[in-house]
Amino acid sequence: MSESTNIDSLLHEERQFPPSADFVTNAVGKPDLYTRASKDRLGFWADQARELLHWHTPFTQTLDWSGAPVARWFGDGALNVSYNCLDRHVEAGLGDRVALHFEGEPGDQKSITYAELTEAVKKAANVMASRGLRQGDRVIIYMPLIPEAVIAMLAVARLGAIHSVVFGGFSSESLRARIDDAQATMVVTADGGHRRGAVFPLKDAVDHAIADGASSVENVFVVKRGGNDVEWVAGRDLWWHEEMAGVSDEHTAEAFESENPLFILYTSGTTGKPKGILHTSGGYLTQAAFTHKNVFDLHPETDVYWCTADIGWITGHSYVVYGPLANGATQVIYEGTPDTPHPGRWWEIIEKYRVSIFYTAPTAIRTFMKLGREIPQKFDLSSLRLLGSVGEPINPEAWIWYREVIGSGITPIVDTWWQTETGAIMISALPGVTATKPGSAQVPLPGISIDVVDDAGVHVGPEAGGLLVVTEPWPSMLRGIWGDEERFKETYWSTFPNTYFAGDGAHLDADNDVWLLGRVDDVMNVSGHRLSTMEIESALVAHPMSAEAAVVGASDDTTGQAIVAFVILKSRFVGTETDAALEGQLRTWVGEQIGAIAKPRKVFIVAELPKTRSGKIMRRLLRDIAEGREVGDTTTLTDTTVIRTINTSVND
Ligand code: WT7
């Protein structure tokens with residue numbers, strides 16, 4: 001069970017918020033969804049797949065679970081994901097509807113209709129195909145959040161190839177590991193992107209990542225965005241705008257089987273090596289579209305939707321690209337940070353585009369809470385009618401603030417639980433049905449079967465805590481870990497028979513609503529981003545100065561968790577520099593090895609680490625120290641003086 005979250009502190013808010021009569025009347029998702037799904041779960045998903053998507057070849061089989069834990073959904077059907085997100089809307093007469101309102105950080109803007117987006121994706125597909133991209137090939141996308149990133153993803157999908165988007169904040173080392181693991185033949189990047197008023201280089205990192213000549217990468221497409229100088233390898237590197245200028249805008253989308261891989265997205269696990277989570281087409285798109293429509297109560301003719309996630313994360317895949325575009329939504333995408341050039345930038349964007357549905361992470365909400373309500377109150381947020389939260393538990397205080405200050409005290413809030421692996425939302429209120437409860441993600445969506453169980457796999461019942469599991473296959477479930485079937489089975493399917501183990505602790509309240517309590521493994525959640533303690537420890541021990549390292553997630557009021565590292569130096573480095581100087585070097589190093597988001601908040605240089613008699617690092621004690629608590633039970637510790645030594649160095 002997560003030791004950093006205390007259920008009692010979460011439960012003090014007792015109010016519930018039923019939807020208004022008006023909201024109920026106009027709601028997209030009605031109570032009958034639950035009835036239909038509970039009567040015939042597979043029939044329900046088959047209906048959704050048929051209603052929400054266009055199938056070039058209709059399917060007759062809904063689920064084939066004979067190869068468990070690898071599912072086949074709609075296995076004999078065929079579709080084109082890109083066609084479903086683009087052409088069919090244009091063919092239905094919606095070509096003039098805006099798909100993307102792009103807002104650049106420097107203030108440049110561009111609204112792109114479905115017709116224009118379709119044309120751009122057709123051209124991009126022709127460009128990629130002319131450079132040899134074929135079904136099943138892998139393409140790395142390493143971009144700022146600009147329209148070309150979305151276009152590149154949809155072009156890869158259109159050709160039945162597989163994209164792997166790498167968040168632009170990851171270092172060239174992380175990029176290299178992902179390119180190599182996926183054996184990608186193409187990279188789409190930009191010269192640079194805008195962030196906090198400066199240009200950050202991206203092409204540079206790509207050059208480093210593929211410098212050694214043994215790289216699988218044959219072509220690098222470079223979008224001009226930052227305007228910064230870049231190195232150029234003739235023959236390998238290609239300017240996106242030049243390639244796009246000379247190519248036909250006609251491209252007929254070919255159908256691929258439902259289980260054709262769509263993307264690989266790397267995420268942190270409990271070991272040092274990130275996992276390439278594999279998602280396929282028909283099931284993924286069905287659940288992304290279904291959840292986007294019903295959880296966000298989407299009225300595509302009138303709503304303006306904005307999800308603040310970057311496309312480098314699963315939220316950006318399912319709720320910036322695939323869900324909204326499959327549903328023909330109009331949405332905002334914003335390149336920059338919330339505080340540039342002023343702390344009201346997000347609220348200004350909501351006012352400007354009359355955003356009606358807004359989806360973000362609790363960390364952001366808590367940061368704005370700290371800055372004060374005066375900032376959002378300067379803007380007209382009256383267009384908002386629904387708010388969403390994702391990535392980590394939202395504490396009731398933040399939930400109430402979000403509703404009061406951003407949602408004018410009236411908008412429903414949906415707290416959505418899901419994971420990179422689940423592909424789409426699994427647990428959430430339906431805003432026109434559920435009376436919402438601050439702090440709880442509440443109920444599994446129609447067609448989703450979850451449970452909270454004890455260590456033996458037995459249902460815990462109301463008012464008890466345990467482990468969150470998914471007991472039946474779902475359409476957007478991961479189909480594996482790229483190149484590592486064993487790890488896939490071991491990580492998710494070996495804890496309980498035939499049951500997906502999510503890695504989260506959860507509590508059921510008296511109404512059987514689910515409260516998420518955080519990870520039960522060595523995965524940290526920092527600002528809604530997933531990081532592995534092992535991955536950061538591996539980076540730290542790879543530094544020439546360090547002998548041993550331990551990393552823990554300490555609870556933090558704003559970011560949920562903060563990374564705190566304890567490092568033992570090799571003896572010849574002890575005392576060579578001040579601790580502050582050493583800490584600085586180690587933090588920079590982790591930034592280079594993984595990315596800025598993985599830099600520890602604090603690095604303590606220590607003489608020893610507390611270990612059990614069997615040699616395991618006692619992270620619980622380190623967490624106590626990192627959170628400034630009285631150190632707990634040390635009876636299994638080999639040498640209790642270690643704690644005194646660490647405490648002394650920490651308090652120095
Ligand atoms: C982990 C998955 C799903 C998109 C963003 C993160 C935590 C996610 C919630 C929520 C409490 C949440 C879980 C989960 N998490 N949403 N609403 N309430 N915790 O995706 O990087 O794959 O991380 O994020 O711990 O296991 P991810």
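Predicted model: local features only at pLDDT ≥ 70, side-chain atom pairs only at ≥ 80, totals over all residues.
1. **Residues around the ligand.** The shell around the ligand holds 17 residues. Those that come nearest are D415, T416, T420, R519 and R530. By type, the shell divides into six nonpolar, six polar and five charged residues.

2. **Where the shell comes from.** Three elements each supply at least two residues of this shell: α13 (314-326), β20 (413-416) and β25 (514-519).

3. **Polar atoms at the ligand.** Look at D415 first. One of its polar side-chain atoms lies 2.7 Å from a nitrogen atom of the ligand. T420 has a side-chain N or O atom 2.5 Å from a ligand oxygen atom. R530 also faces an oxygen atom of the ligand, with a polar side-chain atom 2.8 Å away. How much of the ligand does the protein bury? Taken alone, the ligand exposes 550 Å², and the protein buries 95% of that.

4. **Strand β29.** Now turn to residues 560-569, which form β29. Nine of these 10 residues are buried, so the strand is largely enclosed by the rest of the structure.

5. **The antiparallel partner.** Strand β28 (residues 546-556) runs antiparallel to β29, and 10 bridges join the two.

6. **The parallel partner.** Which way does β30 run relative to β29, parallel or antiparallel? Strand β30 (residues 602-606) runs parallel to β29, joined by five bridges. Here V567 stands opposite I605 of β30.

Key. Residues numbered from 1 in each chain as written. Heavy atoms only, no water. Near = heavy atom within 4 Å. Polar contact = N/O pair within 3.5 Å; in protein donor to acceptor, adjacent residues only side chain to side chain. Areas by Shrake-Rupley, 256 points an atom, 1.4 Å probe, with all protein chains shown as cover. Helix = DSSP H or I, 4+ residues; strand = E, 2+ residues; numbered from the N terminus. Nonpolar A, V, L, I, M, F, W, Y, C, P; charged D, E, K, R; others polar. Buried < 20%, exposed > 50% of the residue type's maximum accessible area, 1.4 Å probe, protein only. Pairing = 2+ DSSP bridges.
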